[in-house]
Amino acid sequence: MDIPWIPADGNPWKVPVLDVSPLTQGMLSTSQDPTCAANAVSYGRDDGTGFVGEEPPLPRSIPSSLRYRRDRLLADGALFIPSQMEHKWAIYHHDGEILFVRSWMRLVYVAAQVEQEGEEVTVTKIDGSFAGDREEDPALTVRILDFLLRSHSLGMPWPAPLPEGLEKDPQAAATWCFALFGKMAHFATPHRVELDTPVKPLRSHSLLHIAVAQGDVAAADAQLGAGVPVDLLAADGLPPLHWAFACPDTSMLQFLVSRGSSLEARSDSGATAVMIASQGAAPKHLEWLLVHGANPNARDERGFTALHRAAEMGHLALVGILLAHGADPRAEAEGHTPLSFAKTRGHAEIAQLLGG
């Protein structure tokens, strides 16, 4: 299998990198231990609180000055949840620490202390070792932590750091990357990449968001009481109000609005709750929002309205609800109206309802 080098002038990181994707994207993780296999896919509803206080198996500490942006607050919660066996890490933030959990083992291998001030989160100390190896170069530990936050938590393309000398055998380097990072490793390099502070802020799926999605009013109230902003954006760019659509009824919407959430709270792409409800086929939630004063004609960053979304998705009932509450069927964005979307997608009943 060819693991090619990409020269410094042929990639955005300006250092030579190995393209390890021919191996990392083609291999499948297997285990003869059913416990390991079960652990690897056990994180779907895990908020990470069970790992709080767990000490890394390798007792060593490394100073750090890594910096990341934050959006008002890096709240306690999940920074990355593995969804398949080829995802090797779960990452959580709790009580001033970022916990890196080896997914197959369900063990905290690294705990990083963080400080939050102004618009920044600073990693000040790293305890443990990612490979569980006392001989792991401290500089490599810092680079691995940075790689995991950039690639897993922020979704940035970034080369995985390689131990010194491993680049001499590209096949072995790719195998090492797969063992430690699974399919999240596409490129790798032994060279130090210039570390600029990422533009995208570090956000978690906060305990507030998780409580909202689970319909747990008491837990959500406790998070608000602890100072988590009611409109804080999660790692997916959505405020808690948008996560309330996971609940079968509208009680969580009512709770959040009673605690100060705006009906017009927006995602990082400019979507309001009305837009999300219109796209996700949530008629009960959409009706509640509109009855309580949400704007049916709000536009996202590209100029599209909720009616554009409902018409394009083919949600006849939602189109009817929006029209009944004053949605403009003539709204135009990027040359499209709700009617043109309905016709393009072949939604004849919606097109007729919109006057086409």
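**Note on aromatic contacts and pockets**

1. Tryptophan 13 is buried, at a relative accessible area of 10% (buried is under 20%, exposed over 50%, partly exposed in between; 1.4 Å probe, protein chains only). Phenylalanine 187 is partly exposed, at 24%. The model is predicted: local features need pLDDT of at least 70, side-chain atom pairs count only at pLDDT 80 or more, and totals for chains, interfaces and linings use all residues. Numbering runs from 1 along each chain as its sequence is written, and side-chain values use heavy atoms, without hydrogens and water.

2. Rings of Phe, Tyr and Trp (its six-membered ring) pair if their centres lie within 6.5 Å; planes under 30 degrees apart are stacked, over 60 edge-to-face, the rest tilted. The count comes to eight aromatic pairs. One of them joins tryptophan 13 and phenylalanine 187: tilted, 5.5 Å centre to centre, 55 degrees between the planes. Tryptophan 13 lies in the loop between strand E1 (5-6) and strand E2 (17-19), and phenylalanine 187 in strand E10 (residues 187-189), so the pair ties together parts 174 residues apart in sequence. Helices (H or I, at least four residues) and strands (E, at least two) are DSSP runs, numbered from the N terminus.

3. Phenylalanine 51 and tyrosine 92 are stacked, because their ring centres are 5.8 Å apart and their planes at 25 degrees. Phenylalanine 51 is in the loop between helix H2 (34-40) and strand E3 (61-69), tyrosine 92 in strand E5 (residues 89-94), 41 residues apart. Phenylalanine 51 is buried at 3%. Tyrosine 92 is buried at 0%.

4. Trp89, Phe100, Tyr109 and Phe130 form one aromatic cluster.

5. Two charges sit over rings (NZ of Lys or CZ of Arg within 6 Å of the ring centre and within 35 degrees of the ring normal). Lysine 88 covers phenylalanine 178, 4.9 Å from the ring centre. Arginine 150 lies over the face of tryptophan 158, at 4.2 Å.

6. A pocket is an open set of points on a 1 Å grid over the protein atoms alone, where a 1.4 Å probe fits, with protein on both sides within 12 Å along at least five of seven lines; lining residues have an atom within 4 Å of a point. Of the 20 residues lining the largest pocket, the closest to its centre are Gly44, Ala78, Ile81, His205 and Trp243. E4 gives the largest share of the lining, three residues.
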